[in-house]
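Let's take a friendly walk through this protein model. Have the sequence and the 3D view ready as you read.

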Amino acid sequence: MAASVPVLIVDFGSQYTQLIARRIRENRVYCEIVSCTTPTEQILARQPRAIVLSGGPSSVYAEDAPPFDPALLELGLPTLGICYGVQLMAHRGGGRVARAARREYGPAEVKVERPVGVFAPFAAGESLQVWMSHGDRIEAMPEGFVPIGSSANTPFCAVACVERKIYGFQFHPEVYHTPRGHEMLRAFLFDVAGLTPDWTPGQFVDQAMASIQQRVGATGTVICGLSGGVDSSVAAALVHRAIGSRLHCIFVDNGLLRHNEADEVLRLFRGRMDITVHHVNAAARFLDELKGIVDPEQKRKIIGRVFIEVFEAEARRIDNARYLVQGTLYPDVIESVSFKGPSAVIKSHHNVGGLPEKMHLALVEPLRELFKDEVREVGAQMGLPHDILWRHPFPGPGLAIRCLGEVTEPRLDVLRKADTIVQEEIRTSGLQSSLWQAFAVLLPVRSVGVMGDERTYDECVAIRAVQSSDGMTADWARLPHDLLATLSTRIINEVKGVNRVVYDISSKPPATIEWE
């Protein structure tokens, strides 16, 4: 990426660290994330013009607190601390941080005490809705700091050392649930740090192509695990543009795809994009391995293992295959990798671990630093078809993690039919582009019903529809009642084996988007 990085985010293990990066990049400012274990000299080598200290699950006064070099606070750079980050600044600066009498998790109101710096967009006395997630709080501030915002439970909710351009929030301005958080971050980037919004998708394409060409060189074949989703499609397009016909895509049909999906993928990539695609139908093998398995994490691991084995076998048939392309994104990384780790592992992702080591191929991940809507922007910059770029995300393990309980062909058939109805009605309603995802989930729950004056004892389908900008946080979509009624009626009438439909109204967090 860029030789000089305008903003470096020091990660202390927050689930929202990549979301901070996402919010900064929304403002066309390039940033990168570094671990809190990164030596200060390496940070300085990246020539940052501003520093952000992330949140994290630890207590700053705990013996096993993540390491931190206090020299970072003496660099004279504009600095923003968020949650754990502001507590760390207070603790290291001679203030006092202690366990709060009442923990705060959820919405809160912050009163603007001083409209300076990060609070410059607001008026004194203005009340702002924010999102809290902390058990500790600042009890006494270090010398030179003043409170600029307070809440009922946290008197030092926002603090500043204006002269040194150091600011801190106890709440999270980066999350969806802090509606005006983007204004606070913009004030930090442009008013406090004096940065310029000059990072664009076009810039990324040029940098990514140069990086791919440098990494793979002028010889050797590159293979790509193609799913037909946005991520692998854009990754394949980037690599294809960089090295041309030396790219060979492998499409593994695991039997866990949606209706007609395999045919659509092959038609799009072989026909419209003129990319070489090797199609492997391994449905029988995947379903055989999944017999009797109900634990979701075990499903993911089995699917990941079999995918590797099938993919590796096909890759061996391709001459001189030396590199593997994956469409890994930031959200994949943050939910799968921990630094000790400070970020808790939520669930495994079969596309972000193990493949290079087991396949003896060097890894190429051109999208690893991007979020979903950035990927779409990059794809649009390269002229990819709209129907590829705006496909809803589909999990690597496919319908296996939307078919709760045992995965069998009859249950998958029920789920595919229900999901096809969801996709049809969402498109017909004109809501496709406003939703992050919409899909059906088959539940291993049977209930009594009456159909045609006869008693039924069939399974239940849950409909999940969410709105999000990046998948890191999401809110359940308020679908029109008439649409929900149509979905319920069609699924119950047209899908044999289902007599009940429910709608999922949980947000992320605390839930995840997928059910497993």
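Cys403 counts as buried because its relative accessible area is 0%; buried means under 20% relative accessible area, exposed over 50% and partly exposed in between, using a 1.4 Å probe on protein chains only. This is a predicted model, where local features need pLDDT of at least 70, side-chain atom pairs count only at pLDDT 80 or more, and totals for chains, interfaces and linings use all residues. Residues are numbered from 1 along each chain as its sequence is written, and side-chain values use heavy atoms, leaving out hydrogens and water.

How many disulfides are there? A disulfide is a pair of cysteine sulfur atoms within 2.5 Å, and by this rule the count is zero. Cys83 is in no disulfide.

| Cysteine | Closest cysteine sulfur | Distance |
|---|---|---|
| Cys83 | Cys157 | 9.8 Å |
| Cys403 | Cys460 | 13 Å |

Is His177 buried or exposed? His177 is buried, because its relative accessibility is 18%. You can find His177 in the loop between β9 (166-169) and α4 (181-192); helices (H or I, at least four residues) and strands (E, at least two) are DSSP runs, numbered from the N terminus. Leaving aside residues up to four places away in sequence, His177 touches Gln129, Val130 and Trp131, where contact means heavy atoms within 4.5 Å.

Now look at helix α12 (residues 372-381), whose buried residues include Lys372, Glu374 and Arg376. Among the elements covering the buried residues of α12 are α1 (17-26), α5 (201-216), α6 (230-243) and α13 (386-389). Just after α12, Gly383 has a positive phi of about 80 degrees.
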